Amino acid sequence: MPRVSSKKELVVAAALSLFRQKGIRATTTKDIARRAGVSEGTIYRHFASKDELAAYIFERTETLFFRFLSSWLPASGDATDMLRQYIRGFFAFSRKHHKHYSFIVAAYQTELRKSVQSRMKPQTMLERIIRHGQVQGSFRLMDTRLASAMVLGVLIQTVFHLKTGQLAVNFSDVLLETEQTCLRILQNGARHHPEQSNEEADT
């Protein structure tokens, strides 16, 4: 027989699959138990409710997403380069961990949005990059939460169109255009670095 810890993972895997297919609200604990090959009682030995199970999967998936993105980013440096790496990491996660990506985006936008108190860790990471760029003078001054929402909107919609086959272009072209679009959002009207302005004044 599977160990208790293995049964918990069976429940989590089954729930993740069903939540993606049917949504959290439409999925029942009976559905999850049937898919996992366990009893409903097994689910309740690990989670007090279906909502707690969904929140657990969300938190674990969000952490996976955050760590994956972190592995793509340099520790410091030019904010423009950091943004490009963030975008590339975002696309890479959506392809390598497509089940987790689909769940976290759908859950955050719909059924789990009210129960998740803080913003997504990947979003706060993006806000830090934008704030860093504003300090450097690479990005224009604007509300970082609004700026991150605009960039994430571009990324999420682009991934959606890629996954549904609505973009008849090479992935490398999609990546380049996405990077340029996000940079235009953030750089339009950006002030120059003080040292750049001085150099221009000298010339």
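When I speak of helix axes this morning, I mean lines fitted to C-alpha atoms, for helices over the stretch in contact, with angles that run from 0 to 180 degrees between N-to-C directions. With that in hand, please look at helix 8 and helix 9 in this predicted model, where helix 9 covers residues 171–187 and where the two axes come within 10 Å and cross at roughly 165 degrees. Since angles over 145 degrees count as roughly antiparallel, helix 8 and helix 9 are therefore roughly antiparallel to each other, and their crossing is right-handed. On the helix 8 side, the residues that meet helix 9 are Ala147, Met150, Val151, Val154, Leu155, Thr158 and Leu162, and on the helix 9 side they are Phe171, Val174, Thr178, Thr181, Cys182, Ile185 and Leu186.

Let me step back to the whole chain for a moment. There are ten helices and zero strands, so that, because helices and strands are both taken as DSSP runs, the order from the N terminus on reads as α-α-α-α-α-α-α-α-α-α. Of the 203 residues, 43% are buried, and the chain exposes about 11,400 Å², with carbon and sulfur atoms supplying 52% of that area. If we take the contacts between residues at least 6 apart in sequence, 68% of them join residues at least 24 apart.

Now to Gln123 itself, which is found in helix 7, residues 121–136. Is Gln123 buried or exposed? With a relative accessible area of 8%, Gln123 counts as buried, because the cut-off for that word is under 20%. Leaving aside residues up to four places away in sequence, Gln123 touches Tyr86, Tyr108, Arg145, Ser148 and Leu152. The C-alpha atoms of Gln123 and Ala149 are separated by 7.9 Å, although these two residues are 26 apart along the chain.

Which side chain is joined to that of Gln123 by a polar contact of 3.3 Å? The partner is Ser148, which lies in helix 8, residues 144–163. Ser148 is buried as well, with a relative accessible area of 0%, and the side chain of Ser148 is joined to that of Glu127 by a further polar contact, of 3.5 Å. Again not counting residues up to four places away in sequence, Ser148 touches Gln123, Leu126, Glu127 and Ile130.

Before I stop, a brief look at helix 2, residues 29–36, whose buried residues are Thr29, Asp31, Ile32, Ala33 and Ala36. Just after helix 2 comes Gly37, which takes a positive phi of about 75 degrees.

Conventions
Residues numbered from 1 in each chain as written. Predicted model: local features only at pLDDT ≥ 70, side-chain atom pairs only at ≥ 80, totals over all residues. Heavy atoms only, no water. Helix = DSSP H or I, 4+ residues; strand = E, 2+ residues; numbered from the N terminus. Buried < 20%, exposed > 50% of the residue type's maximum accessible area, 1.4 Å probe, protein only. Contact = heavy atoms within 4.5 Å. Polar contact = N/O pair within 3.5 Å; in protein donor to acceptor, adjacent residues only side chain to side chain. Areas by Shrake-Rupley, 256 points an atom, 1.4 Å probe, with all protein chains shown as cover. Parallel < 35°, antiparallel > 145°, perpendicular 65-115°, else oblique. Left-handed = near helix turned anticlockwise from the far one by under 90°.
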